[in-house]
Amino acid sequence: MKIPFVSFKPMEKELNTELRAAFDRVLERSWYIDGVEDKNFEEAFAEFCGAKYCVGCGNGLDALMLTLKALGIKEGDEVIVPSNTYIATALAVTYVGATPILVEPDINTFNINPALIEEKITERTKAIMPVHLYGQACDMDPILAIAKKYNLYVIEDCAQAHGATYKGKIIGNFGDAAGFSFYPGKNLGALGDAGATVTNNKELADKLRALGNYGSDYKYHHIYKGTNSRLDELQAAFLSAKVPFMDKMNNDRRRIANRYLTEINNSDVILPYTMPECEHVWHVFAIRSNRRDELAKYLEDLGIGVNKHYPIAIHLQECYKDLGIKEGELPIAEEISATQLSLPLYYGMTDEEIDYVISSINAFK
Ligand SMILES: *Cc1c(COP(=O)(O)O)cnc(C)c1O
């Protein structure tokens with residue numbers, strides 16, 4: 001049996017009519033940038049997140065970068081980010097000229113450890129960017145308490161956790177703003193690149209919209225040295241087709257994750273931990289194993305697609321040598337990069353496919 005790490009086919013089959021209708025609407029209108037589809041999607045997604053404003057942009061990295069820029073974060077500033085995340089979180093900080101300060105995660109949740117944040121705060125620290133990694137919300141209460149104490153902005157990186165909750169409240173609403181990615185593989189994915197920022201702050205939303213549109217507040221009038229990062233009409237229309245299915249899609253991911261959690265049984269495998277305060281949306285089903293590379297090869301040889309999120313920790317990446325963090329200094333991020341393995345998990349995975357993944361892992365000796 002061949003099982004890809006991710007397949008969009010079952011979802012595209014189910015939403016075929018809606019996606020084609022979305023394309024037809026846009027083609028019929030012949031209007032491709034800054035139109036009614038963008039507006040409609042932003043309204044629908046803000047409502048989904050229980051937030052007042054949503055501003056679309058080109059991708060998730062831009063959402064984070066433009067938010068930092070809009071909040072005035074710049075050269076000389078420091079921003080706290082987790083040491084175990086996709087590199088985009090750190091790059092957003094770098095692109096506005098500030099320095100990412102890496103804080104170790106909790107080995108069980110994979111998310112930033114709030115108990116380790118305070119010791120990294122200096123007079124240069126301006127913001128904390130918690131990342132709700134793999135689909136599980138961070139432990140937000142202590143993070144928000146620290147932010148309040150030191151008067152720091154909180155910008156959530158929600159790229160992997162559309163719809164996840166913490167203490168019953170949906171992510172995207174905990175801080176000053178939240179960046180989302182709609183990269184095709186994310187829980188809400190476009191048919192190309194797309195992103196958005198969600199906020200309850202109107203001034204910030206207006207500034208973000210201008211920054212992503214050449215710094216223009218109205219046509220040919222420029223108040224900021226902005227850039228071009230807009231959510232185009234086609235992607236907005238495709239995303240709108242998927243928003244009503246978000247709960248169904250996330251519930252299906254939970255169905256698969258629950259089977260893995262209850263049926264995978266192998267002493268070489270550590271299953272992921274979910275905090276009781278959190279409702280996980282399983283962007284990634286992350287197991288750990290001291291025999292990770294052996295297990296990955298074994299599964300691949302059996303036709304099962306797996307992935308490593310992420311095989312090289314940020315501080316050990318070539319491009320971040322200038323942070324001056326040596327191997328061994330962030331042992332938890334390094335431990336995760338050496339032991340983490342992501343199992344196949346996507347909307348519409350069949351029971352037979354799930355059975356095959358489980359029995360294969362259980363037979364690994
Ligand atoms: C995907 C991702 C991003 C960036 O999103 P893009 O749309 O690919 O630019 C940022 N942060 C995290 C944690 C991500 O997983």
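Two strands pair if DSSP finds at least two bridges between them. Strands (E, at least two residues) and helices (H or I, at least four residues) are DSSP runs, numbered from the N terminus. The structure here is a predicted model, in which local features need pLDDT of at least 70 and side-chain atom pairs count only at pLDDT 80 or more, while totals for chains, interfaces and linings use all residues. Residues are numbered from 1 along each chain as its sequence is written, and side-chain values use heavy atoms, with hydrogens and water left out.

Start with strand 2, residues 78-82. Three bridges join strand 2 to strand 4 (residues 125-128), and the two run parallel. In this pairing Glu-78 stands opposite Thr-125 of strand 4. Strand 2 is also joined to strand 3 (residues 99-103), by five bridges, and this pair is parallel too. Here Val-79 stands opposite Pro-100 of strand 3. Between strand 2 and strand 3 the chain passes through helix 5, and this β-α-β crossover is right-handed (with the strands pointing away from the viewer, the path from the first strand over the helix to the second runs clockwise).

Five of the five residues of strand 2 are buried (under 20% relative accessible area, with a 1.4 Å probe and protein chains only). Glu-78, Ile-80 and Pro-82 point one way from the strand, and Val-79 and Val-81 point the other way.

A further sheet is open and has three strands in the order 7-6-12, with antiparallel pairing. Strand 7 (169-170) and strand 12 (278-279) each have a single partner strand, so one side of each is left without a neighbour in the sheet. Strand 6 (residues 165-166) is joined to strand 7 by two bridges, and Tyr-166 stands opposite Lys-169 of strand 7.

Now turn to the ligand. Around the ligand are 13 residues (each with a heavy atom within 4 Å of it), and Gly-60, Asp-157, Gln-160, Ser-181 and Lys-186 come nearest. There are polar contacts, meaning pairs of N or O atoms within 3.5 Å. A nitrogen atom of the ligand is 2.8 Å from an N or O atom in the side chain of Asp-157. A ligand oxygen atom lies 2.9 Å from a polar backbone atom of Leu-61, and an oxygen atom of the ligand is 2.8 Å from an N or O atom in the Gln-160 side chain. Taken alone the ligand exposes 380 Å², of which the protein buries 91% (Shrake-Rupley method, 1.4 Å probe). Helix 4 (60-70) and helix 5 (88-95) are the elements that give two or more residues to the shell.

Terms used:
A polar contact is a pair of N or O atoms within 3.5 Å; within protein, one must be able to donate a hydrogen and the other to accept it, and residues adjacent in sequence count only if both atoms are side-chain atoms. Buried means under 20% relative accessible area, exposed over 50%, partly exposed in between (1.4 Å probe, protein chains only).
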